[in-house]
Amino acid sequence: MEKHAPVAHPIETLLQRRWSPRAFDPRPVERAVLLRLLEAARWAPSSFNEQPWRYIVTSQEDPERLKEAQSVLSPGNAWATKAPVLVCTVAQLTFARNGKPNRHAFHDVGAASENLLLQATALGLFGHQMAGFDVEKARAVFQVPEGYEPVAMMALGYPAALETLTEEQRTYEQRTRARRPVEEFVFDGRFGNAIEKKTG
Ligand SMILES: Cc1cc2nc3c(=O)[nH]c(=O)nc-3n(C[C@H](O)[C@H](O)[C@H](O)COP(=O)(O)O)c2cc1C
């Protein structure tokens, strides 16, 4: 299912096509494809090129591990148990170069994940990030060491038909995609100063 963003100004089609579906086909994701997605994450920009992102990948290749990953999800994200790949994204909280706190660690993990998701979209896959998971359980299940923090879970896979969802999930899936208008989040020089709506 495609759900192009109804943009107010033209943007790249790939950006319009990325979205967060719930209907995943259990069809496995080929290892070579998975590596291409992770390679895309690799080339994200980061503060001091620290690359504070870590990706803990579980897939249908190891059903036990995948099941453990599913167990950290909140009940509201049960749809993600159909996905053949579940990833836990993790941030390194301090700079490797000097041990000081990296204030941009979560920021940079997000940037890398968006790279990954856009590459997935280009290859006909989809991803759906989730804050709805048990962080402490994830820390234990994935053996995340001190100094690192689980950021989000991410379901990855090929899209499935809408009919594979429950009625409630289907309603969610079919909602129109919406965003605040640019004028609401872009300010002119000072926080809160409205930008002038210029057309030319
Ligand atoms: C960090 C993060 C956490 C999210 N957590 C959840 C979640 O727990 N469950 C869910 O269904 N969607 C979750 N989402 C998906 C958002 O709801 C979705 O990105 C947003 O509604 C915009 O829709 P779009 O991605 O289709 O453009 C999350 C997205 C992000 C980036």
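A residue counts as buried here if 20 or more other C-beta atoms lie within 10 Å of its own. The model is predicted. In this model proline 150 is buried, because 22 other C-beta atoms lie within 10 Å. Proline 150 sits in strand β5. Leaving out residues up to four places away in sequence, proline 150 touches Cys88, Val90, Val135, Ala138, Arg139 and Val144. Glutamine 92 is 58 residues from proline 150 in sequence, and the two C-alpha atoms are 9.2 Å apart.

## Overall build

The protein chain contains seven helices and five strands. Along the sequence the pattern reads α-β-α-β-α-β-α-β-α-β-α-α. The C-alpha atoms occupy a box of roughly 55 × 50 × 30 Å along the principal axes. For 200 residues a compact globule would have a radius of gyration near 16 Å, and the 18 Å of the protein chain agrees with that. Of the 200 residues, 26% are buried. Among contacts between residues at least 6 apart in sequence, 74% join residues at least 24 apart.

## Strands and their pairing

The pairing of β3 and β5 is antiparallel and runs over eight bridges, with valine 85 opposite leucine 156 of β5. Strand β1, residues 24-25, is also antiparallel to β5, over two bridges, and aspartate 25 has tyrosine 158 of β5 as its bridge partner. β4 and β5 run antiparallel and are joined by five bridges; here glycine 127 stands opposite leucine 156 in β5. On β3 there is a further pairing, with β2, which is antiparallel and has seven bridges. In that pairing valine 57 stands opposite valine 87 of β3.

| Strand pair | Sense | Bridges |
|---|---|---|
| β2 and β3 | antiparallel | seven bridges |
| β3 and β5 | antiparallel | eight bridges |
| β1 and β5 | antiparallel | two bridges |
| β4 and β5 | antiparallel | five bridges |

Strand β3 is largely enclosed by the rest of the structure, because seven of its eight residues are buried. In a regular strand the side chains alternate between the two faces of the sheet.

Threonine 58 belongs to strand β2. Threonine 58 is buried, because 21 other C-beta atoms lie within 10 Å. Apart from neighbours within four places in sequence, threonine 58 is in contact with Arg65, Leu66, Ala69 and Leu86. Serine 20 lies 38 residues from threonine 58 in sequence and 19 Å away in space, C-alpha to C-alpha.

## Helix α4

Helix α4 covers residues 105-122, which makes 18 residues. The distance from its first C-alpha to its last is 26 Å, close to the 26 Å expected at 1.5 Å a residue. Its buried residues are Ala105, Asp108, Val109, Ala112, Ser113, Asn115, Leu116, Leu117, Gln119 and Ala120. An α-helix has 3.6 residues a turn, so residues three or four places apart point the same way. After α4 comes glycine 124, which has a positive phi near 85°.

## Positive phi in two loops

Asparagine 49 has a phi near 50° and lies in the loop between α2 and β2. Asparagine 49 counts as exposed, because it has 8 C-beta neighbours inside 10 Å, and the limit for an exposed residue is 12 or fewer. Glutamine 143 has a phi of about 55° and is placed in the loop between α5 (135-141) and β5. With 7 C-beta neighbours inside 10 Å, glutamine 143 is likewise exposed.

## Surroundings of the ligand

The residues around the ligand are Trp19, Ser20, Asn77, Gln129, Met130, Ala131, Gly132, Ala152 and Arg177. Sorted by class, this shell has four nonpolar, four polar and one charged residues.

Notes. Residues numbered from 1 in each chain as written. Predicted model: local features only at pLDDT ≥ 70, side-chain atom pairs only at ≥ 80, totals over all residues. Helix = DSSP H or I, 4+ residues; strand = E, 2+ residues; numbered from the N terminus. Expected span 1.5 Å × (residues − 1). Near = placed C-beta within 6 Å. Nonpolar A, V, L, I, M, F, W, Y, C, P; charged D, E, K, R; others polar. Contact = placed C-beta atoms within 7 Å. Pairing = 2+ DSSP bridges. Rg over C-alpha atoms; globule rule 2.2 N^0.38 Å.
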